[in-house]
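Open the model in your viewer and keep the selection tool at hand. Each stop names what to select and then says what is there.

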Amino acid sequence: MATIGLRSISKVFPGGSIALDQVDLDVADGELMVLVGPSGCGKSTLLRIIAGLEEPTSGTLYLDDTDATNLTPQQRQVAMVFQNFALYPHMTAAGNIGFPLRASGLPPDERDELVVESAAALGLQELLGRWPNQMSGGQRQRVAMGRALVRDPQLLLLDEPLSNLDSGLRSELRAEISSTIRSSGITTVYVTHDQTEALTLADRIAVMRGGCIEDIGTPGRVYDKPATMFVASFLGTPRINLLEAWVWNTVDSHVSLRIGEQTIALPWQDPRARQLAHYHGERVVVGIRAEALLSAAEPVADCTLRGQVQYLEHHGHESLAFVDIGAVGIEVDLAPPPRTPPATKLKQFRQRPLTAMRGVWKRVSGTKPEEPETTQATSTAGRHQKRKAGLVMRLPPRTNVTRGSTINVVIRRELLHFFDSRGDRIDTGFR
Ligand SMILES: Nc1ncnc2c1ncn2[C@@H]1O[C@H](COP(=O)(O)OP(=O)(O)OP(=O)(O)O)[C@@H](O)[C@H]1O
């Protein structure tokens, strides 16, 4: 098996479109790394550079600590599975699986043995004589996996291998792919734009946007402590609530967060309060996932917002409520357009720090709410249209909450996320 090391990999396509901007990434031996991000963020380009199908404009690729930037795809011993499976239509399943072995000149006996072995591992024994047009999407996908793994490659690269399948089959095959990869112990890079796939499959996730990796870590870490507002917004269903809040620090007591016309507070004992105190009189963004919100008969001091239920969505196992709390919502630009700097500026542009691209976000709209009476902050009231942002929360499936009713929304403050005006996490190490 192998390790992968990418150092300052950039890719600028003819015409100036920057697909990758100084990407660094390490994949450990036997690790399943998932590259996830919105369309156009550079995932496939990065995968194709690892495969040797695309050349980086600059940077170095290491395989097992050896410079492999200029090796051919064959020399890299990489197997790739594509979105459309790319099976040969004129070959049976057995022919497709055995194709790489035939190409490498293996004698027919040994070849057949390996094909049968590989088919058995993927539950394809009964299908070996079928043609691609006689197989379902899921079966074709398994044959593509068999063909990729039969040569015992060093690396397995998968580019959206499930995106052409319906959702039921996708989750079934996701589990299969995961167990096949883990039992083979092969180092794998898996590209998807589906955050559920990323969270369920990965040992580690690299979240990409605009040609950069914005966050990298275990699924639990990037979900629980996203490095940026974009990452928080991209991962999780329903999407995280992002609300504008104004900070007011009452030293040695608490930090207030003014959200719309309402206020919640973090006690001074909470380490995040001291961190937030640095933003006294300023605007931050509070991220609240649906699981951090509870509906309660009585308000709980310092952590309750009141709001009116705008509408309810029933999903069988749960209901989602959209609650108007009169706050200003923040919308993150999930897919900034590809960057095309002028040729003369290219060098400086590539050297820009990653953070320069992170803070692509905008207020949905809204007037800055009135500060708490004691605040000295400069008011910008009237600059924007006021807008009440809905808060999405989960309710039990047969809830007695009705549309139009006013409810107490209690916030589990330990689950709150805070971001600065650039969209970077205001970290506190609380969790
Ligand atoms: N051959 C090419 N010539 C010019 N631009 C390209 C080429 N291939 C990709 N790009 C551009 O590079 C950027 C990254 O593309 P890439 O296919 O890597 O994104 P992606 O994240 O895989 O997107 P998707 O999920 O839609 O496949 C995009 O802006 C794309 O338009």
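Start with strands S9 and S10, which form a hairpin with 2 residues between them. Gly 210 sits in the turn and has a positive phi of about 55°. This is a predicted model, in which local features need pLDDT of at least 70, side-chain atom pairs count only at pLDDT 80 or more, and totals for chains, interfaces and linings use all residues. Residues are numbered from 1 along each chain as its sequence is written. Helices (H or I, at least four residues) and strands (E, at least two) are DSSP runs, numbered from the N terminus.

Select residues 204-209 for S9 and 212-217 for S10. The two run antiparallel, joined by 5 bridges. Two strands count as paired if DSSP finds at least two bridges between them. Within this pair, find Ala 206 opposite Ile 216 of S10.

**The mixed sheet**

Now widen the selection to the sheet. It is open, with 6 strands in the order S6-S7-S8-S3-S9-S10 and mixed pairing. Its edge strands are S6 (78-81) and S10, each pairing on one side only. Neighbouring strands are turned by 20° against each other on average, direction ignored. Axes here are lines fitted to C-alpha atoms, for helices over the stretch in contact, and angles run from 0 to 180 degrees between N-to-C directions.

Go to S6 and S7 (residues 155-159). They pair in the parallel sense over 4 bridges. Ala 79 stands opposite Leu 156 in S7. Helix H5 packs on this sheet, touching S6 and S7, and its direction makes about 175° with that of S6. Residues are in contact if their C-beta atoms, placed from the backbone, lie within 7 Å.

**H5 with H6**

Select H5 (residues 137-149) and H6 (residues 167-184). How do their axes cross? They come within 11 Å and cross at roughly 15°. H5 and H6 are therefore roughly parallel to each other. Angles under 35 degrees count as roughly parallel, over 145 as roughly antiparallel, 65 to 115 as roughly perpendicular and the rest as oblique. H5 contributes Gly 137, Gly 138, Gln 141, Met 145 and Leu 149 to the contact, while H6 contributes Leu 169, Leu 173, Ile 177, Thr 180 and Ser 184. By class, these are 5 nonpolar, 5 polar and no charged residues. Ala, Val, Leu, Ile, Met, Phe, Trp, Tyr, Cys and Pro count as nonpolar, Asp, Glu, Lys and Arg as charged, and the others, Gly among them, as polar.

**H3 with H4**

Next, pick H3 (residues 93-103) and H4 (residues 108-121). Their axes come within 9 Å and cross at roughly 130°. That makes H3 oblique to H4. Among the residues in contact are Ile 97 and Leu 101 of H3, and Leu 114 and Val 115 of H4. The contact divides into 6 nonpolar, 2 polar and 2 charged residues.

**The antiparallel sheet**

Move to the open sheet of 5 strands, ordered S13-S12-S11-S14-S22, with antiparallel pairing. S13 (262-267) and S22 (417-419) are its edge strands. The twist averages 35° from one strand to the next. Inside it, 6 bridges join S11 (residues 241-250) to S14 (residues 283-288). Ala 245 stands opposite Val 284 in S14.

**The ligand**

Finish at the ligand. Which residues come nearest? Of the 14 around it, they are Phe 13, Ala 19, Ser 39, Ser 44 and Thr 45. A residue is near if its C-beta atom, placed from the backbone, lies within 6 Å. The shell has 4 nonpolar, 9 polar and 1 charged residues. Helix H1 (residues 43-51) supplies the largest share, 3 residues.

Technical notes: Two residues are in contact if their C-beta atoms, placed from the backbone, lie within 7 Å.
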